[in-house]
Amino acid sequence: MRLGFMMRDVVVAAAFLFAAAGAARAEPNLGNWSVGAGDDGQITASLHASNKLITGGGALGYSPVLTLACRPDGEPRWSEWLQLNDAVSASRKITISVIVDGGGKTDESWEVGPRRRTLVRDGDDGIKRLVSANRLTLSWRFGLLSGRGEADFELAGLSEAIGRIAASCKTDPP
């Protein structure tokens, strides 16, 4: 009788594990990406940098956040932005150096957003450059005397995150 209960428990546990494995396969692997909707109706996917930047006072560190977004209605449809805790000294545009998968450096012009703590780049070409990438490094100057900031992103799950954004936005991925 006891052997029967033990076998039943083993069978139940095995069935549970197979069901859990099947459920895990059904859900796409987004890695560390967080997909959601913004207050303005944009569909977003956000990822924290794998490194930390030291704040102006030097006591605390934080990870910048890269966000990819799609606007269901309106132009530009796609955009990306980098959220910082420290303000940059520029007021309109800033040059960001971009390195994808350890390749060559490309300089891009990004808009400086609200409170000078968000850097924004509109258009789908920035997202296209990342579709098959594994790693992204962004580098910029905080100000003339303030030094440089750099953020490294491990892009595991990016294609799934872009696919989910595009589906929610009812558009094709870039």
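**Figure 1. Buried residues of helix α3 in the predicted model.** In α3, the residues Leu158, Ala161, Ile162, Ile165, Ala166 and Cys169 are buried, where buried means under 20% relative accessible area, exposed over 50% and partly exposed in between (1.4 Å probe, protein chains only). Seen down the axis of α3, these buried residues fall within an arc of 135 degrees and so line one face of the helix; the arc is that of the directions from the helix axis to the C-beta atoms. They pack against β1 (34-37), β2, β5, β6 and α2 (125-128), contact meaning heavy atoms within 4.5 Å. Helices (H or I, at least four residues) and strands (E, at least two) are DSSP runs, numbered from the N terminus. The twelve residues of α3 should span 16 Å at 1.5 Å a residue, and the end C-alpha atoms are 16 Å apart, which agrees; the expected span of a helix is 1.5 Å times one less than its number of residues. This is a predicted model in which local features need pLDDT of at least 70 and side-chain atom pairs count only at pLDDT 80 or more, whereas totals for chains, interfaces and linings use all residues. Residues are numbered from 1 along each chain as its sequence is written, and side-chain values use heavy atoms, with hydrogens and water left out.

**Figure 2. The disulfide between cysteine 70 and cysteine 169.** The sulfur atoms of cysteine 70 and cysteine 169 lie 2.0 Å apart, and a disulfide is a pair of cysteine sulfur atoms within 2.5 Å. By this rule the count comes to one disulfide. The pair links distant parts of the chain, 99 residues apart, with cysteine 70 in strand β5 (residues 65-70) and cysteine 169 in helix α3 (residues 158-169). The torsion about the S-S bond is about -80 degrees, so the disulfide is left-handed. Cysteine 70 and cysteine 169 are both buried.

**Figure 3. The largest nonpolar core.** A nonpolar core is a set of buried Ala, Val, Leu, Ile, Met, Phe, Trp, Tyr and Cys residues joined through side-chain atoms within 4.5 Å. The largest such core has 37 residues, of which Trp33, Leu68, Leu119, Leu138, Trp140, Phe153 and Leu155 touch the most other members. Two or more residues each come from β2 (43-48), β5, β6 (78-83), β7 (93-100), β8 (105-112), β10 (135-143), β11 (147-154) and α3. Helix α3 gives the most to this core, with six residues. Leucine 138 touches Leu66, Leu82, Ile96, Ser97, Val98, Trp110, Arg129, Gly149, Glu150, Ala151 and Phe153, not counting residues up to four places away in sequence.

Figure 4. Valine 65 is buried, with a relative accessible area of 17%. Leaving aside residues up to four places away in sequence, valine 65 touches Ser46, Leu47, His48, Trp81, Leu82, Gln83 and Phe153. From valine 65 to asparagine 85 the C-alpha to C-alpha distance is 9.7 Å, and the two are 20 residues apart in sequence.

**Figure 5. Polar contacts of aspartate 152 and glutamine 42.** A polar contact is a pair of N or O atoms within 3.5 Å; within protein, one must be able to donate a hydrogen and the other to accept it, and residues adjacent in sequence count only if both atoms are side-chain atoms. Aspartate 152 belongs to strand β11 and is buried, with a relative accessible area of 13%. The side chains of aspartate 152 and threonine 137 are joined by a polar contact of 2.7 Å. Not counting residues up to four places away in sequence, aspartate 152 touches Ala49, Ser50, Asn51, Arg135, Leu136 and Thr137. Glutamine 42 is in the loop between β1 and β2 and is buried, at a relative accessible area of 5%. Its side chain makes a polar contact of 2.8 Å with that of aspartate 40. With residues up to four places away in sequence not counted, glutamine 42 touches Gly36, Ala37, Ala69, Cys70, Arg71, Pro72, Ser79 and Trp81.

**Figure 6. Positive phi at aspartate 101 and lysine 170.** Most residues other than glycine have a negative phi. Aspartate 101, in the loop between β7 and β8, has a positive phi near 55 degrees. At 40% relative accessibility, aspartate 101 counts as partly exposed. Lysine 170, in the segment after α3, has a positive phi near 55 degrees. Lysine 170 is exposed, with a relative accessible area of 74%.
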